[in-house]
Amino acid sequence: MEHHYLPTEDLKTYGIINEDLTFSKKLSPDDVQKFLRGYTIVADNDRNRATFQLTDNNTQLKVIFLERDKSLSEILEQSKEKVQYTDIKDLSKSPDQWNIEKKALIFDKENSKTVEFDFIKNATELTAIIADQKDSQELGRYKAELQKLKNYLYDKLDQYPEIAKAISNDLNIVSRELNAVTRIAVEDKRMHNGNSDVQLNVNDTDRYEDANRMRQNEEQQLDEKRRFRR
């Protein structure tokens, strides 16, 4: 494979390719092909994470350094017992910038591996997985993490009006899941108290009906807030 167009020196620096221009043995052929098509390589080491992506027609290497709030080995070990929640900070941004991603790491017993879910990108799937555990304590932990993220996004909405639309989109997602979790908790409590005729299913659209109405209210409030700021 020809590599004359790649940023070879940068790729060597980070161990992605070797001195003979072959790709690292740590990358599978599928990983290499995806990387060349613009997919991101993620490298984790204790609390540190680095992401690598080719840009500008594969002539530039975009590198981002991130930091977890706790070590990956600790998270992976504890995920076997219960869901682990972690924040990842973008070290390329200053502390007062919008620089936090919230993740949930869940142990997949069937495949014996821990899978990472993003609170924004995998929101609906993550809520369904947590709800499917039918564990009120875990549902409460998840709700608390959603609330923390919502508060964080609200703060950033005021700080960065120039990207208010992007922040509002994330805020709407988090608010929707918070409302859904509240609905699920109420129905689970009702069933636990003896209403066995209530049918619960994480894919039941009725469980999210009220949540969608509440999300619309949240969106209206955000619009009013933006108009007020202007």
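Reply: Phe-52 is buried, because its relative accessibility is 6%; buried means under 20% relative accessible area, exposed over 50%, and partly exposed in between, with a 1.4 Å probe and protein chains only. The model is predicted, so local features need pLDDT of at least 70 and side-chain atom pairs count only at pLDDT 80 or more, while totals for chains, interfaces and linings use all residues. Residues are numbered from 1 along each chain as its sequence is written, and side-chain values use heavy atoms, with hydrogens and water left out.

The whole structure holds five aromatic pairs; rings of Phe, Tyr and Trp (its six-membered ring) pair if their centres lie within 6.5 Å, and planes under 30 degrees apart count as stacked, over 60 as edge-to-face and the rest as tilted. Tyr-14 and Phe-52 form a tilted pair, because their planes stand at 50°, with the centres 5.2 Å apart. This pair links distant parts of the chain, 38 residues apart: Phe-52 belongs to strand 2 (residues 48-55), and Tyr-14 to the loop between helix 1 (8-13) and helix 2 (29-36). Helices (H or I, at least four residues) and strands (E, at least two) are DSSP runs, numbered from the N terminus. Tyr-14 is partly exposed, at 36% relative accessibility. Ring pairs also join Phe-65 with Tyr-14 and Phe-52 in a cluster.

Tyr-85 and Phe-119 make an edge-to-face pair, with 5.9 Å between centres and 70° between planes. Tyr-85 is buried at 5% relative accessible area, and Phe-119 is buried at 1%.
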